[in-house]
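I opened this notebook to record what I looked up in the structure.

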Amino acid sequence: MFGTVRYYTDFLKAQVMYNFSGEEMVSLSVNYARLNKEINVKAKNSNEKVEYLLNLEKAYVIINKEMFGLKEELAVL
């Protein structure tokens with residue numbers, strides 16, 4: 001369902017997989033921007049827009065962690 005973390009995660013994963021088989025590669029950040037624009041069009045009110053944007057951000061973080069792993073924090077001694 002549009003607007004959920006699952007929707008955005010699945011969409012971004014599908015786009016990454018498409019990059020392996022498609023002719024034109026589209027970066028994760030470009031797909032993020034496309035979804036952001038789509039949210040601006042589809043959101044019925046400002047509360048829904050904020051919820052959708054937060055869910056998109058969560059999905060983006062999940063995909064980045066899955067693709068690139070967690071960044072190591074440097075310990076300050």
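**Entry 1: Asn19**

I found that the side chain of Asn19 reaches the backbone oxygen of Val26 at 2.7 Å, a polar contact (N or O atoms within 3.5 Å, one able to donate a hydrogen and the other to accept it; residues adjacent in sequence count only if both atoms are side-chain atoms). The model is predicted: local features need pLDDT of at least 70, side-chain atom pairs count only at pLDDT 80 or more, and totals for chains, interfaces and linings use all residues. Residues are numbered from 1 along each chain as its sequence is written, and side-chain values use heavy atoms, without hydrogens and water.

I placed Asn19 in helix 1 (residues 5-21); helices are DSSP runs of H or I, at least four residues. Asn19 is buried, at 14% relative accessible area, where buried means under 20% with a 1.4 Å probe and protein chains only. Beyond four places in sequence, Asn19 touches Glu24, Met25 and Val26, with contact meaning heavy atoms within 4.5 Å.

**Entry 2: helix 3**

I noted that helix 3 (residues 46-68) has 23 residues and spans 32 Å from first to last C-alpha, close to the 33 Å expected at 1.5 Å a residue; the expected span is 1.5 Å times one less than the number of residues. At its start, a side-chain oxygen of Asn45 comes within 3.1 Å of the backbone nitrogen of Asn47. Gly69 follows helix 3, with a positive phi near 80 degrees.

I listed the buried residues of helix 3 as Glu48, Tyr52, Asn55, Leu56, Ala59 and Ile63. Their cover includes helix 1 and helix 2 (28-42).

Key:
Helices (H or I, at least four residues) and strands (E, at least two) are DSSP runs, numbered from the N terminus. Buried means under 20% relative accessible area, exposed over 50%, partly exposed in between (1.4 Å probe, protein chains only).
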